[in-house]
Amino acid sequence: MNDYIRIMRLDHWVKQLFVLPGVFIAVLLTHRSLADTMLWQQLTIGLLSVSFIASANYVINEWLDAGSDRFHPVKKYRAVVSGHVRGSVVWILWLLLTALGMGCAWLVNKSFAACAAWLWLMGILYNVRPIRTKDIPVVDVLSESLNNAIRLFLGWFVISPTLLPPCSIVLGYWMVGAYLMATKRFAEYRMIGNKAEAAQYRKSFRYYNEVLLLTSAFFYALLSVFFIGTFLVKYRTELLLFIPFLIGVYCYYLRLAFDDDSSVQKPEKLYREHRLMIYCIFLVLWFVFLLFCDIPWLRIFTNDQLIAF
């Protein structure tokens with residue numbers, strides 16, 4: 001039984017925190033009260049829905065990746081690779097998790113349910129042949145990181161099921177995910193240390209090398225800052241001062257990718273990086289401060305009038 005629980009990756013449920021920025025942005029833009037009891041009920045059910053669907057995707061990921069995972073220095077010890085689970089039980093578990101996820105999603109609203117089905121479908125496209133986007137270079141990163149944008153939609157639809165979030169923040173959030181995934185690929189590739197072995201584990205590694213992965217991560221980081229910056233400045237000029245500190249998080253995260261057995265390979269374990277967590281807490285507090293503190297001189301950056309002197 002423990003092996004079946006393990007392939008659900010319940011410790012990865014912490015990733016559903018990526019739903020919360022969508023909730024927060026929707027509250028800011030629609031001015032919905034956080035005192036609304038129904039909001040918290042819907043959010044709780046929504047988080048359960050996303051967690052169940054994510055676990056359904058993890059289950060088929062582990063089952064279908066067993067052949068290649070045996071070439072990974074750590075994943076080769078997984079229960080599926082070791083033959084400790086039965087295929088029939090795995091598929092029943094996948095169906096059960098899917099049903100629970102979609103059932104909870106319908107309790108939130110139709111928009112949320114449609115988006116939850118999209119997240120589930122991405123798991124199929126990412127893992128199942130003949131498409132299996134995880135084997136296609138560049139597409140592997142972009143398709144997996146698209147789940148980040150979907151989580152933003154899910155958080156948004158908890159608050160505002162009839163409106164869409166601004167395009168700039170959706171693209172920015174997607175590119176944040178792409179940066180995280182590309183950096184994770186870089187850390188994995190660097191840890192394995194052998195291109196032939198890396199390609200046996202992940203087919204897309206046949207076309208990658210450290211330079212390409214690092215360059216692509218830099219590209220995605222720049223795109224995310226551009227789109228997020230566009231959204232922040234449009235919403236509130238004071239949030240310009242948030243951008244340099246956001247870039248600081250990217251830099252620190254990239255530095256972690258160079259560590260041996262880097263936690264970047266296991267994002268669900270990042271809470272153990274105490275310095276990073278302290279910095280992220282500061283970042284949240286800084287963001288909230290800038291939301292409510294007016295800094296008039298910053299208007300010179302958004303004023304389209306020529307200044308005479």
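Where does Asn109 lie? I looked there first in this predicted model. Asn109 sits in the loop between helix H5 (87–108) and helix H6 (110–127).

**Entry: Asn109**

I checked burial next. Asn109 has 12% relative accessibility, so I log the residue as buried; the cut-off for buried is under 20%. I then followed the side chain. The Asn109 side chain reaches the backbone oxygen of Phe157 at 2.9 Å. I also listed the contacts of Asn109, leaving out residues up to four places away in sequence. Phe157, Val158 and Pro161 are the residues touched.

**Entry: nonpolar surface patch**

Which residues form a nonpolar patch on the surface with about 320 Å² of accessible area together? I noted Met1, Ile5 and Leu10. I took Ile5 for a further look. Ile5 belongs to helix H1 (residues 2–7). Its relative accessible area is 38%, so I put Ile5 down as partly exposed.

**Entry: cysteines**

How many disulfides does the structure hold? I found zero. Cys167 is in no disulfide, and the nearest cysteine sulfur belongs to Cys115, 15 Å away. A disulfide needs the two sulfur atoms within 2.5 Å. Cys167 counts as exposed, because its relative accessibility is 54%. I turned to Cys280 next. Cys280 is likewise in no disulfide. The nearest cysteine sulfur to Cys280 is that of Cys251, at 13 Å. With 27% relative accessibility, Cys280 goes into my notes as partly exposed.

Conventions
Residues numbered from 1 in each chain as written. Predicted model: local features only at pLDDT ≥ 70, side-chain atom pairs only at ≥ 80, totals over all residues. Heavy atoms only, no water. Helix = DSSP H or I, 4+ residues; strand = E, 2+ residues; numbered from the N terminus. Buried < 20%, exposed > 50% of the residue type's maximum accessible area, 1.4 Å probe, protein only. Polar contact = N/O pair within 3.5 Å; in protein donor to acceptor, adjacent residues only side chain to side chain. Contact = heavy atoms within 4.5 Å. Patch = residues over 30% accessible without salt bridge, like charges linked within 9 Å, V, L, I, M, F, W, Y side chains within 5 Å. Areas by Shrake-Rupley, 256 points an atom, 1.4 Å probe, with all protein chains shown as cover. Salt bridge = Lys/Arg side-chain N within 4 Å of Asp/Glu carboxyl O.
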